[in-house]
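Reader: I have the sequence and the coordinates open side by side. Could you walk me through a few spots in this one?

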Amino acid sequence: MANANIKRVKSSEIEFTDRLVSIQRVTKVTKGGRTFSFSAIVVVGNSNGVVGYGLGKAKEVTAAIAKGVDDAKKNLIKVPILKGTIPHEQNGKYCGARVFIKPAAHGTGVIAGGAMRAVLESVGVTDVLAKSKGSSNPHSLVKATIDALAKLRDAYTVSQVRGVKLSKVFNG
C-alpha cells in the first residue's frame, strides 16, 4: 500500500468497536503430538471514517482476538465518507483478491460479502455496493478492501492537490 494519500491515525484518543472477521484453528504436528493454536483477523473502526485491521495468534481464542485488536489499532487509516457513502467508485487488490466498491443512494444499505461487510460497516459506510472477484480468502479480502478505501479521495483533497478551486473540480 505505497499510496501517497493514506492518512495514518493515532489510536489514543478514539473509541473503537472491534469486529471479528474470521478465526482459524491451526495445528502444528510435533514428535509429541498435535499442538493447537488460533489465528484471528480483526477489524476495528470508529464508524466515522477511521478503520484498521490486525492479525492475532495465540494458544487461546480470547488471547488471539485481543492480540488482533492491538495489532489493528496500530494500522489505522482515515477514509472520506460523504452522506453515509463513499465519494466515488474504486477498485482494490491484494494478492488474488480483487474488490470493487461503488457509492449507493441513501437507504440501499451495505451490499457486500462477509469480510468486506465487516470493514465497510466498521468504517461507518451505511450505503455502498461492493463486489469481490478472485480469491475469497478473508485475509486477502480485508486487505484489498482497505486498499480500495485508502485510495478514495474527496473533492476537497482533489482540489488541493491539483491547485484549482473546488467548483472547478465538479465542472471538469
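Author: Let me start with Ser 39, which is found in strand S2, covering residues 33-45. Please keep in mind that this is a predicted model.

Reader: Is Ser 39 buried or exposed?

Author: Ser 39 is buried, because its relative accessible area is 8%, and the cut-off for buried is under 20%.

Reader: And which residues does Ser 39 touch, not counting those up to four places away in sequence?

Author: With those sequence neighbours left aside, Ser 39 touches Ser 22, Ile 23, Gln 24, Val 26, Leu 55, Gly 56, Lys 57 and His 139.

Reader: Changing topic, how many salt bridges does a search of the whole structure find?

Author: The search of the whole structure finds three. One of them joins Arg 19 to Glu 121, with 2.8 Å between the closest N and O atoms. That pair links distant parts of the chain, since Arg 19 belongs to strand S1 (residues 17-30) and Glu 121 to helix H2, 102 residues apart.

Reader: What other partner does Glu 121 have, then?

Author: Glu 121 also forms a salt bridge with Arg 117, where the closest N and O atoms are 3.2 Å apart. Arg 117 and Glu 121 both lie in helix H2, four residues apart, which is about one turn of the helix.

Reader: How accessible are Arg 19, Arg 117 and Glu 121?

Author: Arg 19 counts as partly exposed at 33% relative accessibility, Arg 117 counts as partly exposed at 31%, and Glu 121 counts as partly exposed at 26%.

Reader: What about the rest of helix H2, is it mostly covered or mostly open?

Author: Helix H2, which runs over residues 114-123, is mostly covered, with seven of its ten residues buried. The buried ones are Ala 115, Met 116, Ala 118, Val 119, Leu 120, Ser 122 and Val 123. Just after H2, Gly 124 takes a positive phi of about 105°.

Terms used:
Residues numbered from 1 in each chain as written. Predicted model: local features only at pLDDT ≥ 70, side-chain atom pairs only at ≥ 80, totals over all residues. Heavy atoms only, no water. Helix = DSSP H or I, 4+ residues; strand = E, 2+ residues; numbered from the N terminus. Buried < 20%, exposed > 50% of the residue type's maximum accessible area, 1.4 Å probe, protein only. Contact = heavy atoms within 4.5 Å. Salt bridge = Lys/Arg side-chain N within 4 Å of Asp/Glu carboxyl O.
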